[in-house]
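Please read them beside the sequence and the model.

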Amino acid sequence: MGGGLFGFDISSMSGVLATSAYTNYFRVNGGIRQGAITGAMAGGSFVGTLSSSFIADKMSRKTAIQIAAVIWTIGSIFQTAANGIGLLVFGRIVAGIGAGIASAMVPVYQAEIAPKEIRGRVVSLQQFAITVGILVQYFIQYGSSFIDGGPKNPKQSTLAFRIPWGIQIFPATLLAIGMFFVPYSPRWLAGQDRWEEAIRVLANLHGNGDIGHPKVLAQYREIEEAMTFEREVGDSAFRALTQPRMLSRVVLTVCIQMWSQLCGMNVMMYYIVYMMQAAGVHNLLLTASIQYILNVALTLPAILFIDTWGRRPSLLYGAFAMMVLLLIVAALEGVYGVPNPRTDPSLDAISWLIIDNPPVSRAIVACSYLFVCTFAVTWGPTSWTYASEIFPTGIRAKAVSLATASNWAWNCALAFAVPTLFQKINWRMYVVFAVFNLCAFVQVWLTVRETKGKTLEEMEEVFDSGRPAWRGVSSGSRLDRLQRDIAEGNVKVRLGGRRYEEL
């Protein structure tokens, strides 16, 4: 549900842009004004993300997610009741704050409760929820667009956009209520010295309620050792973030989230209507809906196999494939397109068109579909998983909030800038995003280390090994060896005092 709020955000504009109800009521048709409306939610999300770590560290990850749901609900009410651009922008900023908190803390919570063997799958559910949110909201908008005879009716009722924005209240309400029935993060509990609660949660998550299960005791010892080390170092969370060994990871995750936006995916999500108009597609909403379905469907293989094929290959292959597809779209539009003759007012938002060339139009649509499929399998889930798993518990929330803030900052910038780019540089915009993917490929090759199969407490070994990122890390996990030693009686773990002793 938390990821679903992010998805509702992304799709909250794409379906209404082509309706007369929206364009006539708010008097927008692309350009800077539309960019400001779309970008308002991302701007609010940026603020929410930066504040999320303070709430999550003090009140728990669980409570932070509930607060996010309440804020989103308030913002959705303002949007639904909007009587002008001012109230609409305000509502989107408020809702964005909620989406920002949820988008930062949901993957942190998921990473902290998941077994290492399936952590990638569990955190990838965040991206799956995002894609489902995008799809559900888009189809709600698609259905609502037929109110009063369809999107071309100049007297179409404002219900065409108020219904989709109002329905956003319900998933947020379910999220706020549902979080009462899930446990606190065991690592957050340990950080609060609530060790008895922490091991009970670990037992329920990893040992079918058995506190004496070797896997539970091994996980408990790993967490305790990591907490002890963090406290002995004694750095504050913000000071720890600026230490060279951590700063490099912060920069890495900030860049990964940046590239996840600059790869071009949100152009396909926010402004798919403009892209299809430029390609000469006539049934805009239906054609775009296929793209949203593919986004959901192709996220499923990533959930199933991310812990098998790993994080690094996903990012490398994804960046390369998206670069190629964007260059193909740029070439097709550049060669076969013409300047917009401005004979159709509904196309005023774009400056370059494919006119009466069905094969080229179909090729551009196919490339956009393949692009979305590539992102869904690779960068979509992996960018969230990687950021949530490579930091120590004491600074994880703050580090992930900074990384997610990068996502929202670039999301906001693109939401604001892309309508102008469609008008000013048209098909050359795809070349710009292709270059961004090339830069992402180079950085991933040089700096991203593989983390699959490692516990959160083992990330220090992964990043401090001294080996180049492209050389990989040793296979296996310290937790497996410790669990085996406990099961064989070579290591005993006690609660209270010095919680373990080696025999």
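Q: Is R342 buried, partly exposed or exposed?
A: This is a predicted model, in which local features need pLDDT of at least 70, side-chain atom pairs count only at pLDDT 80 or more, and totals for chains, interfaces and linings use all residues. Residues are numbered from 1 along each chain as its sequence is written, and side-chain values use heavy atoms, with hydrogens and water left out. Buried means under 20% relative accessible area, exposed over 50%, and partly exposed in between (1.4 Å probe, protein chains only). R342 has a relative accessible area of 43%, so it is partly exposed.

Q: Where is R342, and what is its phi?
A: R342 sits in the loop between β1 (338–339) and β2 (352–353); strands are DSSP runs of E of at least two residues, helices are runs of H or I of at least four, and both are numbered from the N terminus. Most residues other than glycine have a negative phi. R342 is not a glycine, yet its phi is positive, at about 60°.

Q: Which loop holds D148, and is D148 buried or partly exposed?
A: D148 is also not a glycine and has a positive phi of about 60°. The loop that holds D148 runs between α6 (119–144) and α7 (159–167). Its relative accessibility is 40%, so D148 counts as partly exposed.

Q: Why does the end-to-end distance of helix α13 agree with its number of residues?
A: Helix α13 covers residues 244–262, which is 19 residues. The expected span is 1.5 Å times one less than the number of residues, so α13 should span 27 Å. Its end C-alpha atoms are apart by 26 Å.

Q: Which residue just after α13 takes a positive phi?
A: The phi in question is about 110°. The residue that takes it, just after α13, is G264.

Q: What is the relative accessibility of S103, and which residues is it in contact with?
A: S103 lies in helix α5 (residues 85–113). Its relative accessibility is 0%, so S103 counts as buried. Contact means heavy atoms within 4.5 Å. Leaving aside neighbours within four places in sequence, the contacts of S103 are F6, T49, Q126, W384, T404 and W408.

Q: How far apart are the C-alpha atoms of W165 and F8?
A: W165 belongs to helix α7 and counts as buried because its relative accessibility is 0%. Not counting residues up to four places away in sequence, W165 touches several residues, including S12, M13, Y22, F26 and Q141. W165 and F8 are 157 residues apart along the chain, and their C-alpha atoms are separated by 9.0 Å.

Q: Which classes of residue line the second largest cavity, and how many of each?
A: Its lining consists of A111, A114, P115, K116, R119, R187, H206, Q219, T455 and L456. Ala, Val, Leu, Ile, Met, Phe, Trp, Tyr, Cys and Pro count as nonpolar, Asp, Glu, Lys and Arg as charged, and the others, Gly among them, as polar. By class, the lining has four nonpolar, three polar and three charged residues.

Key: 1 Å grid on protein atoms, 1.4 Å probe; cavity = no way out; pocket = protein on both sides within 12 Å on 5 of 7 lines; lining within 4 Å.
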